[in-house]
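Let's take a walk through this structure together.

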Amino acid sequence: MHQSVKNILVTHEQIVARSKELGEQITNEYKNHENKPLLVALLKGSVPFLAELIKHIDLDIEYDFMDVSSYEGTESIGDIRIIKDLDRSIKNTEIILVEDIVDTGRTLETVKKLMVQKGASDVKVVTLLDKPDRRVVDITAEYVGFVIPNEFVIGFGLDFDQKFRNLPYVGVLKEEFYK
Ligand code: IMP
């Protein structure tokens, strides 16, 4: 275990097993749809989860990336700045947003609205982790890997100061790092 990690919350084996279940569930729910969904992964945290999840989706899917950040120091906390937009049109496309964690829910709420504005016919959300205790907007992900307590976690894409994304598990960061 990395020296910055207090305890492991979700092991690599658990992530792989749960990703398989979610991939199979998505396959079953979308297999009879005429057009296959486009997975939109939010950079950078969702990359390891996307890579694991897509191995278990048995459909002709496509995926694309978006990078957004919140405007800091302004009152309009719901607004986001698009750093990297989608490469293709999503008009009349069924979207599955791929997230690493749903925390306050603000990012997801705003990106979901953006997808609808861009003409998506449906937007669903798959997230590796869900921290419901921190939610400030009423949003729920259709597919959730693990519900976790209100602790700051790192690993499997999640960072602290851009570090620790490469850990193969999800762990709680030692408090001395942010206190
Ligand atoms: P939200 O808009 O508050 O739901 O923010 C979600 C984003 O905040 C995630 O995509 C993460 O990048 C980041 N985040 C939230 N909680 C954590 C955490 O415990 N560890 C690392 N990043 C986090």
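**A guided walk through the model**

Aspartate 161 sits in the loop between strand S8 (153-154) and S9; helices (H or I, at least four residues) and strands (E, at least two) are DSSP runs, numbered from the N terminus. This aspartate has a positive phi of about 55 degrees although it is not a glycine. Aspartate 161 is exposed, with a relative accessible area of 61%; buried means under 20% relative accessible area, exposed over 50%, and partly exposed in between (1.4 Å probe, protein chains only).

Before going further, note that this is a predicted model, in which local features need pLDDT of at least 70 and side-chain atom pairs count only at pLDDT 80 or more, while totals for chains, interfaces and linings use all residues. Residues are numbered from 1 along each chain as its sequence is written, and side-chain values use heavy atoms, with hydrogens and water left out. The mean pLDDT (the predictor's confidence in each residue, from 0 to 100) is 93 for the chain, and 94% of its residues reach 70 or more. Over residues 73-77, however, the pLDDT is below 50.

Two other loops deserve a look. Asparagine 92, in the loop between strand S4 (80-84) and S5, also has a positive phi of about 55 degrees without being a glycine. The peptide bond from leucine 43 to lysine 44 is cis, with omega near -5 degrees, and lysine 44 belongs to the loop between S2 and H2.

Now to the interior. A nonpolar core is a set of buried Ala, Val, Leu, Ile, Met, Phe, Trp, Tyr and Cys residues joined through side-chain atoms within 4.5 Å. The largest one has 26 residues, and Val126 and Leu129 touch the most other members. Among the elements that give two or more residues to this core are helix H1 (12-30) and strand S6 (122-130). H1 provides the largest share, four residues. A second, separate core of 22 residues includes Val68, Leu86, Val111 and Ala120.

Finally, the ligand. Of the 14 residues around the ligand, Asp100, Thr104, Gly105, Thr107 and Val153 come nearest, where a residue counts as near if one of its heavy atoms lies within 4 Å. An N or O atom in the side chain of aspartate 100 is 2.8 Å from a ligand oxygen atom, and a backbone N or O atom of glycine 105 lies 2.8 Å from an oxygen atom of the ligand. S5 gives the largest share of the shell around the ligand, three residues.

Technical notes:
Contact = heavy atoms within 4.5 Å. Polar contact = N/O pair within 3.5 Å; in protein donor to acceptor, adjacent residues only side chain to side chain.
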